[in-house]
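Hi everyone, thanks for coming. Have a look at it first.

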Amino acid sequence: MSEALLSVRDVSVSFGGVKVLDGIDLDVKPGEIRGLIGPNGAGKTTMLNVISGIHAPHQGDVLLDGVSIVGRKPSDIARLGLGRTFQTSQLYRGMTVLENLMAGLHHRTKAGLIATSLNLRSYREEEEEAEEAARLSLEFIGMSEFADRPGSALSFGQQRVIEIARTLIGDPKVVLLDEPAVGLSLNRLAEFDTLLRRIRDEKGVTLILIEHVIRLVMDVCDQVTVLSSGRRIAEGTPDTVRNDPEVIEAYLGKELRARHSAS
Amino acid sequence: MILLTYLLLSGLTTGSLYALIALGIVVVNKATGVINFAHGELFMFSGFVAWMLHVQMGVPYLPSLLVAVAFGFALGVMTNLIAFRPLKNANIISLVLATIGIAFMLRGTARVIWGGKGDYLPFPPITSPEPVMIGDIMVIPQQLAVLAGALVIMAAFAAFFRLTRAGKMMQATADNAKAATLVGIRIDRIYMLSFGTGAAIAAAAAVLMAPLTLLYPDMGFSFFIKGFAAAVLGGLTSLPGAVLGGISIGIIEALAGGYIHSSFIEVSAFIVIMFVLVVRPTGLLGSSGLRRV
Amino acid sequence: MALFGRRNVLCAMLLFAAVAPFFLNDYYLFVANTILIYVLLSIGLNILVGYTGQLAFANAAMFGIGAYGTGLLQVQLGWPFWLAFPSGAVIATAVGLAISLPALRLSGLYLALSTLAFAQFTQWVFLNWEAVTFGAGGFKTPAISFAPLPISKTMGLYYLSLILVAVLFALAQNLVRSRIGRAFVAVRDSEIAAQSLGVDLLRYKALAFGISGFYAGIAGGLYSAMLNFVSPEGYDLFQMVIQKSMIIVGGLGSIAGSVLGAGSLVFILEALRKVKGIQEIAFGAILVGFIIFMPGGIIGFLKAKVRGWEEPLHRARPGKRSPIAATSESSEVRP
């Protein structure tokens, strides 16, 4: 328990009388790649929203590196080392790719109103370093030539990768990815698998990903948590989870569960 | 006691004027998600057209009303084609300012055509002009006609949105334009229809209200802003909200004017708006849509 | 450096503005001073609306608060102009900050309406709180003197305006090219992503409102001194429409565009004075025309057709950089 980097304790959330999350527990160890799967409406995105501070749970706690983050503003939680991406593209369309990445360093830079408007040296140095970091980040994902493209001129797949890079540039401890592989073709899937591993191995970032692309989840995740109707119904290695009867029932219904156990 | 009743009644009647304007605004917003800042001018212009037909040219009342409403519909469609369709994907500021631009053009045109005829043009009422006594209070029947008109329009449109196919298509388009296109709804036509309908309501409102308010080219904006305030107060997508908002503002104005100071009439609506939006950002009856990310 | 690029053109305009008083008559000097005041208003408004995406309608009211603040501090409390002027700006800034608090929860049309309501309320206060504001008739402000400098009040005020515009333009330009500018655009383009990347929404919205209040307040103080008179008329909704039109015509999200928009619109309005009857129609048509055919404003057109008008949101470093050399240099910020 104490080794967990991110810890969710007995979290419950209701919207207008409907219990979307019901007493969820989750512990993610540092360096883990955790998959979060489940049928639609299971509460997966809500879970990420609670962790990142967008919704406050009605009960329960969330601990990041031992520090309780429930009730804090999302921007404060980001500062503490939590990053996330979203199901829909949230790239800043009014900036170039390079500027998007530099914007990812917002909470790691500190030039204020005075330093920036007066163009003081402290600010200029900080800005140069930020640009440098942004270029290195582009190299890491192999998209250096996109630096000056406007955010609005990228394909969907490209946007998703830049958004991940933008989240990583701020040196987070944990990154929450909401369906990052949406729309990826089979070829790209293999590349993406590699990218996720590199992020964990080379940058030491712990990942939690919501995914529907089961193949990716099975390949890359160390542990998988399965949610259904707001409850955690299974947790374990990908193989354990794949064969769990409750999971099969949640996805495919009782009939197929019976058929599966029969075969 | 009699002062209170008088103020309430006065507020109710002014409020129904605002409600009528608000209804037109909400109809357009319900279907397109946009506020037509030229709504007041559409209202004003159609009113003048009715005046031109009925008072100047002697056309009987009902045909004048119908022609004015049809003309209003056409103006609404024109606004849609000029200011909305080319800008569908632009940011909201551009949209708002484009409709403001049209408002200026309409106001200027009205001033050119009819401005010279005298400052405030009178318009004969649909009912007899003789005041009627309700208990101890004197009421002009036209005021009741306005209130009745507002309620009828509200009920008609509530039914329209809930029961007719066109109404449901409008709501679908407002909810999710892409999905609506996928199921075969011609959203461009829906938008055009919505703008036209909103403007037609404005035209009907103008004809009902003109006997009480008189006609002048600048009336558009002052009524628009009260109507807009009423629509927001009620929750921008709620038809009953528009009526409730309008009447609330009318009553608040009357009470503030009567009990505090007459100068408060103009401003009390705005104080209320600021307060309501802070406390309940989506208005009295509006719904806050949950965003999916 | 591109010949007709932004830097050269703006410098040329600055130079021209600096020597203008020597060959413009009083009327045109008045127009020029008006343009300078509108440049300030446009820059502030563009930061709030263009960069940060807040559809606010309160700028004309803050303009008025700056004017009334400066004027009333002189007339009611006997303060000298040089004290009343910055104080008026401070009051307008404070009001801007105050509005930002409720604005945090509102967006789009709801924000538009609440700020519109606030503007109407302010207008009403100017008109009706006669004991303090002198009501509809307005009041005269004492003529300011630039002693011991040997220049007339008109010249002096013009140069004061010009210096303020030059300084505040530079500050704004620096500001938007920094992490703060990027934070503004982040708030505009995706509040939810901005938050997840450490941008405190309240802080940056408040900053944007405060800055626009400050610029409007300075503009208001200058305006009151220019006219020697303050009345409720100049700060109403029509004024607000003019300001919004300036940033649309000039280009949203551009500081240089604000300058071009302000200048263009003042010229357009002056020209429209000549066509009395169809003033409104012409203004409306111009506005709609620009929005439909030049949605990026004049600056959008220039950015597409002329070299040197880019306005990046970061300080571009001079000279090329090679990734390999850079790796060894910077160890501070890890990617």
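Predicted model: local features only at pLDDT ≥ 70, side-chain atom pairs only at ≥ 80, totals over all residues.

Strand E6 of chain A, residues 82-84, is joined to E7(A) by three bridges, and the two strands run parallel.

Now, what stands opposite Leu176(A)? Look in E8(A), and you'll find Ile208(A). E8(A) covers residues 206-210, and its pairing with E7(A) is parallel as well, over five bridges. To get from E7(A) to E8(A), the chain passes through helix H7 of chain A, residues 186-203, and this β-α-β crossover is right-handed.

Are its residues buried or exposed? Five of the five, residues 174-178, are buried, so the strand is largely enclosed by the rest of the structure. Here's a handy idea for reading it: in a regular strand, side chains alternate between the two faces of the sheet. In E7(A), Val174(A), Leu176(A) and Asp178(A) point one way, while Val175(A) and Leu177(A) point the other way.

Okay, let's zoom out to the whole of chain A. It has eleven helices and ten strands. Buried residues make up 46% of its 263 residues. Its C-alpha trace spans about 70 × 40 × 35 Å along the principal axes. How does the radius of gyration fit with a compact globule? For 263 residues such a globule would have a value near 18 Å, and chain A has 20 Å, which agrees.

Five residues of domain 1 are in contact with five residues of domain 2. On the domain 1 side of that meeting place, three residues are nonpolar, none polar and two charged.

Last stop: the neighbour. In chain C, 34 residues are in contact with 45 residues of chain A. Which element gives the most to the chain C side? That's H8(C), with eight residues. By class, this side of chain C has 15 nonpolar, ten polar and nine charged residues.

That's my tour, and I'm happy to take questions.

Terms used. Residues numbered from 1 in each chain as written. Chains lettered and ligands numbered in written order. Helix = DSSP H or I, 4+ residues; strand = E, 2+ residues; numbered from the N terminus. Rg over C-alpha atoms; globule rule 2.2 N^0.38 Å. Buried ≥ 20, exposed ≤ 12 C-beta atoms within 10 Å, placed from the backbone. Contact = placed C-beta atoms within 7 Å. Nonpolar A, V, L, I, M, F, W, Y, C, P; charged D, E, K, R; others polar. Pairing = 2+ DSSP bridges. Right-handed = clockwise from strand over helix to strand, strands pointing away.
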